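This report covers one structure, from a single loop residue up to the domains. Please read it beside the model.

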Amino acid sequence: MSAPQTQLTVLAETPAPRLVTEVPGPQALALIERDRKVTSPSLPRAYQFVPKRGAGSVVEDVDGNLFLDLNAGIAVASTGHCHPRVVEAVQRQAAELIHYSASDFYLPIYSEVCEQLDRIAPMKADARAFLTNSGTEAVEAAIKLARHATGRQYVISMFQSFHGRSYGSVSLTASKSLYRAGFGPMLPGVIHTWFGDCSHCPLNLTYPECDFATVRYLENVIFRRLVKPWEVAVVIVEPILGEGGYIVPPPGWMEALREVCTKHGILLAVDEVQSGMGRTGKMWAIQHSDVQPDIVLAGKGIASGIPLGAMIARDDLMVWETGAHGSTYGGNPVSCAAALATIDLIEHGLMDNAREVGGFMIEGLRRIQLRQPLVEEVRGLGMMIGIEFADHDTAVDVEKAAFRRGLLMLTCGDASLRMSPPLVFRRDQAETALGIFEEAVAEVASAGG
Ligand SMILES: Cc1ncc(COP(=O)(O)O)c(C=O)c1O
């Protein structure tokens, strides 16, 4: 192992958090000031964290403070920060071939990643993959393929969902109007409907008599009043809402949605950019149901932080002709090398760890909920955990109190915090994280939060 790799292994094992300055420290504040002058003000910075290096679930900031990371760079560092196997794969590939466009020529490593994705895809039918640089590009590819393959125009997505920020994706995104404000008109032909049992929708539109009223809404309202189902190409849905609040739909809901799609020849695309790649304890969150999607979208954790996304579709849907879609960088060899190492690590231990340690965290959080009335709900699967508070400000106060103690978390939805640690997160780290989280909640409660 090289000297920098040995240092990283030591960092991954170092007990964290360990703070040596107030946070943010002086170096962090200086960098933030420098950054403020030259970066786009649109960047949604959550708090004043300035990372310098990371290993496993530990991240050191520019002042030498060690943080315990429940963000994983927003569900990206699936194998932990700088996993030695991923680092080695990236270095080896970078020394051999950094780039050649797979759209125009043939890259063996690109085909290898597509073979792996076909193997792990959550559908029985053969699948093919189109590789991208990001989640949003995978979503764009799905919109284009679905329209192309069906000859239909309309696309249905869910209120509270997040699918990215490029024009097609942001037209589907409906978690915050801020993402759309000032950018209209959006892509024509996008219609929104309700997700799950609607128990977390801001209007409190719950349908207690039937969990699947939101699916009936599709049939009874959308298809009756707005658009004929034979004009709808695809329903694009996150199997667990990510940015929209880490909300798990009730059992049976995905099956009911699948049934409506199948009945009308509508494709079902699951956006697993956040929920996929082992995070929920299965490779794909959709595998917690009996549903087989037609299209699966991956990103974030697929290559442990090297930019890569994938649109994986049933073989028979990939009918677009040569030249219809492509990308200069998508499926770049370095990102493909990282993806192959990542998939192997996820399959050989990390997915199981996500289920076990994630389950331990959910149980621990439910015990905290009994002691801390500020916590209104704990939900999630594996290492995709949402914690609901009374309002957004309380969630932000807890997020900041945790940060001051060296624990990195992020808000989501209207009034929630998310925990999405690297899948290497250990049980002892989970115990530490739970203790700090409870202290943060207690601090906010005692301040009248
Ligand atoms: C479910 C989902 N889809 C798509 C995206 C967009 O991915 P990217 O930011 O890589 O474009 C995200 C990003 O948060 C996401 O969570």
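Which residues does arginine 405 touch, not counting residues up to four places away in sequence? Arginine 405 touches Pro17, Ile436, Glu439 and Ala440. Two residues are in contact if their C-beta atoms, placed from the backbone, lie within 7 Å.

The model is predicted: local features need pLDDT of at least 70, side-chain atom pairs count only at pLDDT 80 or more, and totals for chains, interfaces and linings use all residues. Residues are numbered from 1 along each chain as its sequence is written.

**Two loop residues**

Arginine 405 sits in the loop between helix H11 (392-404) and strand S13 (407-408). Helices (H or I, at least four residues) and strands (E, at least two) are DSSP runs, numbered from the N terminus. Valine 62 is in another loop, between strand S2 (58-61) and strand S3 (66-69). Leaving aside neighbours within four places in sequence, valine 62 is in contact with Gln27, Ala28, Leu31, Val50 and Lys52.

Valine 62 counts as partly exposed because it has 19 C-beta neighbours inside 10 Å. The cut-offs are 20 or more other C-beta atoms within 10 Å for buried and 12 or fewer for exposed, with partly exposed in between; C-beta atoms are placed from the backbone.

The table lists C-alpha separations for both residues.

| Pair | Apart along the chain | C-alpha separation |
|---|---|---|
| Valine 62 and phenylalanine 49 | 13 residues | 9.0 Å |
| Arginine 405 and arginine 279 | 126 residues | 25 Å |

**Domains**

The protein chain divides into domain 1 (3-82 + 350-446) and domain 2 (88-345). These bounds come from an automatic or database domain assignment. The domain centres, taken over C-alpha atoms, are 26 Å apart. In the contact between them, 26 residues of domain 1 meet 26 residues of domain 2. On the domain 1 side, H3 (72-75), H10 (333-371), S11 (377-381), S12 (384-388) and S15 (416-419) each supply at least two residues. H10 gives the most, with 5 residues. This side has 12 nonpolar, 10 polar and 4 charged residues. Here Ala, Val, Leu, Ile, Met, Phe, Trp, Tyr, Cys and Pro count as nonpolar, Asp, Glu, Lys and Arg as charged, and the others, Gly among them, as polar.

**Strands**

S11 and S12 run antiparallel and are joined by 5 bridges. They form a hairpin with 2 residues between them. Glycine 382 in the turn has a positive phi of about 55°. Glutamate 377 has glutamate 388 in S12 as its bridge partner.

An open sheet of 7 strands has the order S4-S10-S9-S8-S7-S5-S6, with mixed pairing. Strands pair if DSSP finds at least two bridges between them. The edge strands, S4 (127-132) and S6 (190-193), each pair on one side only. S4 pairs with S10 (residues 309-314) in the antiparallel sense over 6 bridges. Alanine 129 stands opposite isoleucine 312 in S10.

**Ligand shell**

Of the 14 residues around the ligand, Ser134, Gly135, Thr136, Gly164 and Val273 come nearest. A residue is near a molecule if its C-beta atom, placed from the backbone, lies within 6 Å of it. Helix H6 (residues 135-150) provides the largest share of the shell, 3 residues. The shell divides into 3 nonpolar, 8 polar and 3 charged residues.
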